[in-house]
Amino acid sequence: MVRDDEQVDSMEIDEKKQQQLEAPTAVPEGFNTDYLRVYYGKLFPYGDFFKWLCYGNDGKHPGCDQSYVGRREFSFTLENDIYLRFQSFDSATELESSIKEKCPFKIDIGPVYSVDPSKRHAYAQSGNNVFVPVERELIFDIDISDYDDVRYCCSGADVCLDCWPLMTIAIKILNTSLRDDFGFSHILWVYSGRRGVHCWVCDSRARKLSNEQRAAIADYFRVYKGGENALKKVSLAGPVLHPFLAQSYMDVLKTFFEDRLLLSQQLFSSEERCQKILDLILMKGLRRCVEEIVFSYTYPRLDMEVSKHMNHLLKAPFCIHPKTGRVCVPIDPSNCDDFDPAAVPTLSQLLGELNATGFQSDSDNSLERTSLGKSISFFRTSFLHPLLKACKEELESAYNAKLQQSKNSLNW
Amino acid sequence: MEIVRSHRQVAAAAAAAGGGGGAGALPTYKAAPQLEVRLEEFELFAIDRLRVLKGISDGLSRGKRPEEMEKLVSELWKTHMRHQDPAETLNKDIVSHFVLRLVYCRTEELRKWFLSMETTLFRYRFRLESPESQRMLMTEFQLPYKALPHSEFEAVKDKLSQVARSIGQSANVEHVFFKVPFEEVPDLVASRRVFLSKGYAYVAMSQVVSLVVTQFRCNISKALALTNRKWTATIKEQEKDRLTPIVEALSNAYFGPDYSQPKDAVDISLKDIDQLAKSSFPLCMRHMLDKLRENHHLKHGGRMQFGLFLKGAGLKLEDALAFWRAEFSQKIGSERFDKEYAYTIRHNYGKEGKRTDYTPYSCQKIISATPGVGDHHGCPFRHFGEENLRAALNKMGVGGHALEEIMDKVKNRHYQVLYFIAIGLTEQYDIPELTGLSGIMKYTASLHINL
């Protein structure tokens, strides 16, 4: 569906879209149980999803932990805001049938606990805290409404091509640092469905981090401080910037601010807006002033609480956002400049595509024929396969080390 | 460790066991000492050490900077723990630590507090040690980190220099660095005081304190859990006529003014809130009430801090629900309020979910909050910018000389003290309409004491 204000090349409307508009198979926009039922029936990628969360513990290798995936918490939000916590599944089939049956409006992923969450009460009796999270991806949640004080094009839940690039910046800076500074490799970026992005760091080293270590990483990334009443929320201390901040500034923020933001947000267009910038300048050198201004308007703003606690639940990728109907698709960090939230497939769009290709095909093919196919493919090749390869290698070496140990203990 | 009633003291044995990292140096408390302790010393030594720990706790909540803390720890140690004979000092040091382990192992909250204070004590005593002594202690903690070889150092020298300058130090001063997995030095990572690359932090010798302290903390934490098990299993019963009553009394020991809650209860009701806010609420709560009335909304941090405060002040659940609903429904309607917010309020009162009865936040917790975009919680003396704080204090009726003194204390980060000055609990400032110590103020004062 083409928006009136969407840029089109020489008035040429994409043929496929034209067909969609006019085809009898087009499905009216919306979000409801009937639509969801088809999505969960034909499109939701249960297999890939489950493979991801098994992290190689699929029972095929003797070194696998059979209980691992069953100790993961999921939560479902059902149609009438009914909220089901501590759901757990031992197999992809179990997960699939539960989702198909319950048709949740939202699915959240929680941590892996020490015991199966559905059996937690049995362990509560002993008094000591035996029901605790033991593994959890390192996660980040970036929401564009946290930038409301520095964007003038939209506010609240709205997002447009002028302010969305703030998310792109956040992805670039965090992705680079997570890889280069922290040494993580298995990072999944996902569109939140409306106005932000989520980041899942899935390396086993990341999953094993304690709350304190997570908080430390979140603090490493934090620049914006202070509630509504702090005067200056970005205060860069020290005569020079830490290499991480300096690099972020030189490689990403400076160019973006100069080339795009100044113009698109019209930061000097009114006295009020100028005053806002002046308010940021206190008695310090000019270069530091400029840096602080740029950081205030562009540097990523994380929700600290999401990252700090292992038991925080976060929406699952490939869910559908109830307010926009858009699928929470992965974002390719090396091409994030090209990501356009308005071009993300919607539920009704996908159903229309299914209609158009007919229902006779089996479920494996349905995916490929829709716009979702590209996202699933990217998920598999860029994230899932390298991750599973690494998991297998780890499992094998841990297992071999154990074998070696028991052999050694027999040596007199 | 054997506790006897005789006069035998085996001070020298203390140096041999339990670990000192050199002549009269910092013990690491790895093993309970093999010596005999007099019963009177059992209690006295523990009390003296407790004075040191409480002094540290007080210093932390006043927002003292590291240099100030170092000085404070040195003074506290000298005043309460130092003996002319270093062997005696070491003896007292070790004995008192192990006694307090017994005292503070028994609940999660006690363990957390003790761990935090002992770690802080250790951190600053370590800083005060000589470099040789520090190096020996590092070995004792089995930190297998080798110094960075010269070639690797050359490769990252510029970045290391940049980090040093970014934290206000001179460049190219440190030449000994250690390459450490970032997980081991969360404090340094959080404050961006190290260069990170591929999962490793490059830690300067001067920062090694952090490494050592983390290990120390880990060891004590494990030891406390063990001690708790032993206490519950055997010691408590065995010693019920001798040590147990002393141990139990020690954990309640408090060394400040008495702000215990009055028996004539503090019970506020819905209609009292606005009036009490003007006369008796602390600045942070007053501010949140103002914002709530203005915006008909408060974000989560504010709802927790203010909501729990009201609960502690005696606001009943029904009144609390009515209070929040009256405001929120003006913005989002009462149906949405009931659906999305009422649950949390009932949860805070222990009526939902885990059914834990949550207690109001202490000043320490409030000061260390991290308010973000759109938040109004936290401590105004810490989190407000100068203009906003002046405005808020003016509104309270604080001006002139008193106001300037307060702003000066803010610069020096004496947050908790400020609150009491501002509400007139000290004699120094005569602030109109805020004299007298009402029930509410006693209650909030007790929150200040809450460790």
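This is a predicted model: local features need pLDDT of at least 70, side-chain atom pairs count only at pLDDT 80 or more; totals for chains, interfaces and linings use all residues.
Reader: Where do I start with chain A and chain B? How many helices and strands are there in chain A?

Author: Chain A contains 15 helices and nine strands. Chain B contains 22 helices and five strands.

Reader: What share of the residues is buried in chain A?

Author: In chain A, 51% of the 412 residues are buried. For chain B, 51% of its 451 residues count as buried.

Reader: What do the contacts in chain A tell me about separation in sequence?

Author: Take the contacts in chain A between residues at least 6 apart in sequence: 68% of them join residues at least 24 apart. In chain B, residues 24 or more positions apart account for 69% of the contacts with a separation of 6 or more.

Reader: Now a sheet. How should I read the strand order E3-E5-E4 in chain B?

Author: Begin with the general idea. Strands of a sheet pair through backbone hydrogen bonds, either parallel or antiparallel. Here three strands of chain B form an open sheet in the order E3-E5-E4, with antiparallel pairing. E3 and E4 of chain B are the edge strands, each pairing on one side only. From one strand to the next, the twist averages 30 degrees.

Reader: Which residues are bridge partners in E5(B)?

Author: Strand E3 of chain B, residues 177–181, pairs with E5(B) in the antiparallel sense over five bridges. B:Pro181 has B:Tyr200 as its bridge partner, and B:Phe177 has B:Ala204. Strand E4 of chain B, residues 195–197, also pairs with E5(B) in the antiparallel sense, over three bridges. There, B:Phe195 has B:Tyr202 as its bridge partner.

Reader: How many residues lie between E4(B) and E5(B) in the hairpin?

Author: Two residues lie between these strands. B:Lys198, in the turn, has a positive phi of about 50 degrees.

Reader: Is strand E5 of chain B mostly covered or mostly open?

Author: First, the general idea about strands. In a regular strand the side chains alternate between the two faces of the sheet. Strand E5 of chain B, residues 200–204, is mostly covered, with four of its five residues buried.

Reader: Next, two helices. At what angle do the axes of H12 and H14 of chain B cross?

Author: Helix H12 of chain B spans residues 283–295 and helix H14 of chain B spans residues 317–332. Their axes come within 8 Å and cross at roughly 40 degrees.

Reader: Which residues of H12(B) and H14(B) meet?

Author: From H12(B) come B:Leu289, B:Leu292, B:Arg293 and B:Asn295; from H14(B) come B:Phe323, B:Trp324, B:Glu327, B:Phe328 and B:Lys331. The residues of this contact divide into five nonpolar, one polar and three charged.

Reader: Last, the interface. How many residues of chain B are in contact with chain A?

Author: There are 34 residues of chain B in contact with 41 residues of chain A. The area buried between the chains is about 3000 Å², of which carbon and sulfur atoms give 55%. On the chain B side, B:Glu183, B:Arg192 and B:Val373 lose the most area to chain A, together 23% of what that side buries.

Key. Residues are numbered from 1 along each chain as its sequence is written. Chains are lettered from A and ligands numbered from 1 in the order in which they are written. Side-chain values use heavy atoms; hydrogens and water are left out. Axes are lines fitted to C-alpha atoms, for helices over the stretch in contact, and angles run from 0 to 180 degrees between N-to-C directions. Contact means heavy atoms within 4.5 Å. Ala, Val, Leu, Ile, Met, Phe, Trp, Tyr, Cys and Pro count as nonpolar, Asp, Glu, Lys and Arg as charged, and the others, Gly among them, as polar. Buried means under 20% relative accessible area, exposed over 50%, partly exposed in between (1.4 Å probe, protein chains only). Two strands pair if DSSP finds at least two bridges between them. Buried area is the accessible area (1.4 Å probe) that two parts lose on being put together, summed over both.
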